[in-house]
Amino acid sequence: MSYKVNWSYLPKQFNDKNIRDILKLLSKFVPTGDFTLGKPLKEFEEKFAQMVGAKHALGVNSGTDAIKLSLKALNVGPGDEVITTANTFIATIGAIAEMYATPILVDCTDNFCMDVNQVESKITSKTKAIVPVNLAGQMTDLPKLMEIAKKYNLPIVEDSCQCILGNIEGQCAGTFGITGAFSLHPLKNLNVWGDGGMIVTNDDEMYDKLSLLRNHGLRDRDTVEIMGCNSRLDTQQAVIGNWLIGQVDFITDTRIKNANFLDNSLKEIPEIIIPPRFSNRKLVYHLYMVHAKNRNGLYDFLRSEGIQVKIHYPIPVYQQPAIAKYGYKKGDFPVTDSQSNSLISLPAHEHLTQDQLQYMIDKITDFYRK
Ligand SMILES: *Cc1c(COP(=O)(O)O)cnc(C)c1O
């Protein structure tokens, strides 16, 4: 079915003209043969670091790898515990599991992110790291989490895959912890033509170690200093990243503007509850989610009216069969559960028109007036 309001912005972001422009850049790049750890990658990393206000940025294969390599650099391994949140995408928990560590989950708050007040009671002698997730473009209460982490001398790896340019009092997501992990997946606010990820850090030693880890542990061509893996961001993806990165402010600001419009209109509808907004935080609305009465009915109705709404996530990840071995059961995380029943995600991307935004409001109003 074709939608009146599409979830995906990709056909607009990469329209014919933009594709031609990018192909021109690629046709200049390809003859250089600079395919691995090439000059455009270095350039992209420098721009990325500057954009989020970090000292270093390092391109890797995916957002998942950005989390995995961060944990590997912290020597997280078998028998260790890593505290994260029950309300996330599988990649966060998967990254911990791939290091053969045990994910220890806590519930979220009404802003979808880790309830940092539940962290301290989960810390044991086996805890090696904390991985908060800045979900949906919202921010974890990182200042508070930093205090707890400091008290126990634990590193924080921020999963900021959904929160590029989100901030608290001007400090960007990804720069509170020892590292921050970002995804360049096509569905993320800054994307490339396939998979990609970025790690940011202010720590020189971490940067050095991560640089080795993503490239087989090679100090130079003939010296393998540590065991690493191959997780380099392809240089041709960096060519696309360099083309798009200058537009990230526009993408972010337009999403915020759209979200403000939706907030202001939806607050008049008693069946819709808008999650908390914070005057000292920049929320970047990777996902625009609100609580809706009769959510499933609204979802079906809006879809039938040509609005490509989504649900993040219909089954909380902690209830997935793959996670069963960690012993969590339905009901363990009541806030996460209730959000999975009440939240609906509306398109709010930068290529929506005012008519499309108004159309969504009209249809939601119609649904509850029926
Ligand atoms: C997308 C995402 C990831 C993983 O990113 P990939 O680039 O797809 O590997 C990790 N965590 C969260 C919360 C994400 O949304």
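**Rings, burial and packing**

Author: Phenylalanine 14 is buried, and so is tryptophan 243, where buried means under 20% relative accessible area, exposed over 50% and partly exposed in between, with a 1.4 Å probe and protein chains only. The model is a predicted one, in which local features need pLDDT of at least 70 and side-chain atom pairs count only at pLDDT 80 or more, while totals for chains, interfaces and linings use all residues. Residues are numbered from 1 along each chain as its sequence is written, and side-chain values use heavy atoms, with hydrogens and water left out.

Reader: What makes the pair of phenylalanine 14 and tryptophan 243 tilted?

Author: Rings of Phe, Tyr and Trp (its six-membered ring) pair if their centres lie within 6.5 Å, and planes under 30 degrees apart count as stacked, over 60 as edge-to-face and the rest as tilted. With centres 6.1 Å apart and planes at 35°, the rings of phenylalanine 14 and tryptophan 243 are therefore a tilted pair. The two residues are 229 residues apart, and the pair links distant parts of the chain: phenylalanine 14 is in the loop between α1 (10-13) and α2 (16-29), and tryptophan 243 is in helix α8 (residues 235-245). Helices here are DSSP runs of H or I with at least four residues, strands are runs of E with at least two, and both are numbered from the N terminus. Phe14 and Trp243 also form one aromatic cluster with Trp193.

Reader: Why is the pair of phenylalanine 44 and phenylalanine 48 called edge-to-face?

Author: The planes of these two rings stand at 85° and their centres are 6.3 Å apart, so the pair of phenylalanine 44 and phenylalanine 48 is edge-to-face. Both residues lie in helix α3 (residues 39-52), 4 residues apart, which is about one turn of the helix. Phenylalanine 44 counts as buried because its relative accessibility is 0%, and phenylalanine 48 counts as buried at 0% as well.

Reader: How do you know that alanine 57 is buried?

Author: Its relative accessibility is 5%, so alanine 57 counts as buried. Alanine 57 has its place in strand β1 (residues 56-60) and, leaving aside neighbours within four places in sequence, is in contact (heavy atoms within 4.5 Å) with Glu45, Phe48, Ala49, Met198, Ile199, Val200 and Tyr207.

Reader: Why does arginine 255 count as buried, and which side chain makes a polar contact with that of arginine 255?

Author: Arginine 255, in helix α9 (residues 248-266), counts as buried because its relative accessibility is 4%. Its side chain makes a polar contact with the side chain of glutamate 350 at 3.2 Å; such a contact is a pair of N or O atoms within 3.5 Å, where, within protein, one must be able to donate a hydrogen and the other to accept it, and residues adjacent in sequence count only if both atoms are side-chain atoms.

Reader: What describes the packing of helix α4 and helix α7?

Author: Helix α4 (residues 63-73) and helix α7 (residues 204-213) pack at an angle of about 115°, with their axes 10 Å apart. Leu69, Ser70, Lys72 and Ala73 in α4 meet Met206, Lys209, Leu210 and Leu213 in α7.

Key: Axes are lines fitted to C-alpha atoms, for helices over the stretch in contact, and angles run from 0 to 180 degrees between N-to-C directions.
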